[in-house]
Amino acid sequence: MRGLPPALITAIVLVAGFAACAVQFPNIASTRVVGNLLTDNAFLGIVAAGMTFVIISGGIDLSVGSVIGFTTVFVALAIERWGMPPLVAFVAVLALSAAFGAAMGAVIHVFDLPPFIVTLAGMFLARGASFLLSTESIPITAPIYSTVSDFALRLPGGGRLTAIAIIMLVIVIGGALLLHLTRFGANVYALGGSRATASLMGVAVGTMTVKIYMLSSLLAGIAGIVFSFYTSAGYSLSAVGVELDTIAAVVIGGTLLTGGQGSVVGTFLGVLIQGLIQTYINFDGTLSSWWTKIVTGVLLFVFIALQQGLVALARRPVAKSAGAAT
Amino acid sequence: MTALLPRRGLAQILALIVILAVDRVVSPQFFDLRLQDGRLFGSLIDVLNRGTPVALLSLGMVLVIATRGIDLSVGAVMAIAGAIAASLADTHSLAVVLAAALGAGLICGLWNGFLVAVLGMQPIVATLILMVAGRGIAQLITEGRIVTFSSPGLVWLGNGAILGVPVPVAIALGMLILTGAVVRGSALGLLIEATGGNARASELAGVGTRAMILSVYVWCGVCAALAGVIAAADIMGADANNAGLWLELDAILAVVIGGTSLFGGRFSLVLAVLGALIIQTMNTGILLSGYPPEFNLLVKAVVVLTVLLLQSPKLTGFAGIAARLRRTKA
């Protein structure tokens with residue numbers, strides 16, 4: 001099982017952190033808090049699942065936050081001003097975001113440009129487009145929104161598993177299956193391991209690149225719809241900086257930023273860790289929200305240093321045997 | 001260095017001239033300058049003045065990118081330095097304030113450089129840590145408030161003038177000359193380019209690649225801190241939330257527009273600063289034209305894409321083939 005050990009470490013950190021929080025504030029260990037944790041981080045979990053694919057393939061996608069912002073504005077405008085039925089609006093915006101991702105992937109592959117800078121341009125483009133659509137916050141009053149936000153599965157202990165949390169869980173599970181059980185997933189790992197090797201082994205590198213960025217943008221679009229359910233509004237400045245939280249979650253989840261290793265489940269755990277830090281800060285009441293950033297930074301450092309150590313360990317015997325063979 | 005300028009910088013200079021011309025059409029008084037209270041005023045001066053933070057950032061960033069690295073933390077370092085400067089300004093002398101703020105930038109740069117050069121982390125990842133945590137640290141320093149100050153020395157740094165030239169512009173120019181003299185006046189620039197071109201080969205050839213990488217990140221941190229101090233002095237306050245927010249992207253953009261390849265191996269300080277000016281001239285032009293500032297991002301995106309496509313190894317390949325064909329025909 002590739003990528004399991006780092007994800008296991010993430011799981012241990014999550015459980016230990018949760019236990020430490022629960023000792024201090026026994027109320028944290030309730031389904032109510034856990035349910036809220038899943039709801040509050042639903043959009044982050046969805047977009048992080050997509051980012052995992054991109055990063056495992058050796059790329060990066062900085063545009064996801066802007067795509068979320070664009071989606072919320074587009075959906076709000078389409079439903080409230082243009083009179084589209086919500087479902088049609090959803091399909092339209094998902095098609096748009098998928099096409100946007102595919103275009104970025106195509107530019108990256110065809111012109112052989114670094115993903116970092118191409119998706120940076122994509123980030124400007126999507127955010128600029130959402131500003132052009134509208135700069136004000138547009139409340140969404142369509143009945144489907146109240147239906148979805150009222151829907152929840154009752155958990156034992158008074159917790160609520162909301163619709164958007166369920167969507168996130170389904171996507172995480174689906175993403176994990178796609179990554180670990182399909183040829184597409186195997187190709188993603190192959191690309192991240194070495195583009196040249198993957199190409200020689202018969203992976204259609206160009207098609208794969210387009211598909212991977214398409215997937216990431218599509219999931220960012222879904223995350224945007226979920227975000228609009230969460231806030232019942234569309235706002236062009238929503239989800240600014242989410243790409244950073246997402247990348248942080250992916251890295252804390254044990255995915256190697258150089259590509260080739262990682263798992264969607266680990267990413268999910270990374271999202272939960274970030275949510276847990278936020279929950280702890282809310283419970284404490286005296287700590288300010290900037291501690292979230294500092295603790296996330298420290299965790300990032302610890303995990304990256306850990307990976308660096310693991311990679312160094314993994315490479316050592318290879319180097320030795322190679323030396324012996326020659 | 002100057003001998004190389006006309007050939008390599010032609011596209012950038014032309015772009016700047018075109019944008020300036022468009023600005024002139026949009027706002028007829030664009031080139032007007034007037035001297036008031038011993039300081040020049042006018043849209044052009046405004047462009048230079050507002051472009052200073054990004055120009056300073058790009059000075060450090062261009063060296064980092066030349067080593068095949070990237071520094072995402074410069075915006076956060078700006079916020080930290082601004083926060084330190086603002087909280088010390090009214091109780092300490094200007095020298096202490098500057099030393100503390102620039103020292104903080106140096107430490108931040110040292111941290112980034114340590115992660116990249118010694119621990120061997122990927123630059124994007126290594127500097128991501130400080131990018132995320134740095135803003136939190138800055139907010140810790142200001143305790144989440146917007147710290148204001150009235151120390152005349154520090155305010156002068158942001159709003160004063162030397163011989164009519166605004167101080168920030170003079171500082172940026174001074175830093176450009178200083179950096180240029182250090183890296184191009186010695187072999188340092190060449191060694192930095194060698195490190196970016198092929199770190200392993202340079203190492204084998206006797207270049208101290210580790211020291212090179214460490215020092216460019218330190219320099220980048222110091223430049224960012226200086227930009228942060230100037231940005232804080234400009235508004236006479238430090239806002240840890242927004243100071244330098246997303247400026248790392250503008251700085252990277254300036255470097256890329258300046259023709260420095262993200263794959264490392266060569267750089268031009270002057271063109272990077274020119275890139276920063278191009279971005280600012282565009283911003284000011286959009287503001288003056290009365291279009292909503294939201295257009296900024298779209299225009300920036302189009303510019304990035306154009307520059308990228310022009311720089312793309314594939315396209316340069318085509319251009320190279322075309323040039324060879326022309327030569328054989330002639």
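This report walks through a predicted model of a complex, from confidence down to single residues.

**Confidence**

The predictor gives the complex an ipTM of 0.77 and a pTM of 0.84. Chain B has a mean pLDDT of 85. In that chain, 92% of the residues reach 70 or more. Residues 1-6 of chain B are another matter: their pLDDT is below 50. Beyond near neighbours in sequence, this stretch makes 3 contacts in the model.

**Chain B as a whole**

Chain B is built from 14 helices and 6 strands. Its radius of gyration is 20 Å, close to the 20 Å that the globule rule gives for 330 residues, so chain B is as compact as a globular protein of that length. Along the principal axes, the C-alpha atoms of chain B fill a box of roughly 70 × 55 × 35 Å. Of the 330 residues, 52% count as buried.

**Where the chains meet**

The contact between the chains takes 36 residues from chain A and 33 residues from chain B. On the chain A side, helix H6 (115-133), helix H12 (242-252) and helix H14 (290-325) each supply at least two residues. The side of chain A that touches chain B divides into 26 nonpolar, 7 polar and 3 charged residues.

Ile124(B) gives a local view across the two chains. This residue lies in helix H5 (residues 123-142) of chain B. Leaving aside neighbours within four places in sequence, Ile124(B) is in contact with Phe116(A) and Leu257(A) from chain A, and with Ile70(B) and Leu72(B) from chain B.

**The nonpolar core**

The largest nonpolar core has 223 residues. Val47(A), Ile80(B) and Ala85(B) have the most contacts inside it. Helix H10 (residues 209-235) of chain B gives this core its largest share, 19 residues. Around Ala85(B), the contacts beyond four places in sequence are Val97(B), Ala101(B), Leu154(B), Val229(B), Ala232(B) and Ala238(B).

**Inside chain A**

Helix H9 of chain A spans residues 183-193. Its buried residues are Asn187(A), Val188(A), Tyr189(A), Ala190(A), Leu191(A) and Gly192(A). They pack against four helices of chain A: helix H3 (42-56), helix H8 (163-181), helix H10 (195-200) and helix H11 (205-231).

Thr39(A) sits in helix H2 (residues 31-40) of chain A. Thr39(A) counts as buried because it has 24 C-beta neighbours inside 10 Å, and 20 or more is the cut-off. Which residues does Thr39(A) contact, leaving aside neighbours within four places in sequence? They are Thr162(A), Ile164(A) and Ala165(A).

**Two pairs in sequence and space**

The table sets separation along the chain beside the C-alpha to C-alpha distance.

| Pair | Apart in sequence | C-alpha to C-alpha |
|---|---|---|
| Thr39(A) and Ile167(A) | 128 residues | 9.8 Å |
| Ile124(B) and Phe267(B) | 143 residues | 19 Å |

Terms used:
Residues numbered from 1 in each chain as written. Chains lettered and ligands numbered in written order. Predicted model: local features only at pLDDT ≥ 70, side-chain atom pairs only at ≥ 80, totals over all residues. Contact = placed C-beta atoms within 7 Å. Nonpolar A, V, L, I, M, F, W, Y, C, P; charged D, E, K, R; others polar. Buried ≥ 20, exposed ≤ 12 C-beta atoms within 10 Å, placed from the backbone. pLDDT = per-residue confidence, 0-100. Rg over C-alpha atoms; globule rule 2.2 N^0.38 Å. Core = buried A, V, L, I, M, F, W, Y, C linked by C-beta atoms within 7 Å.
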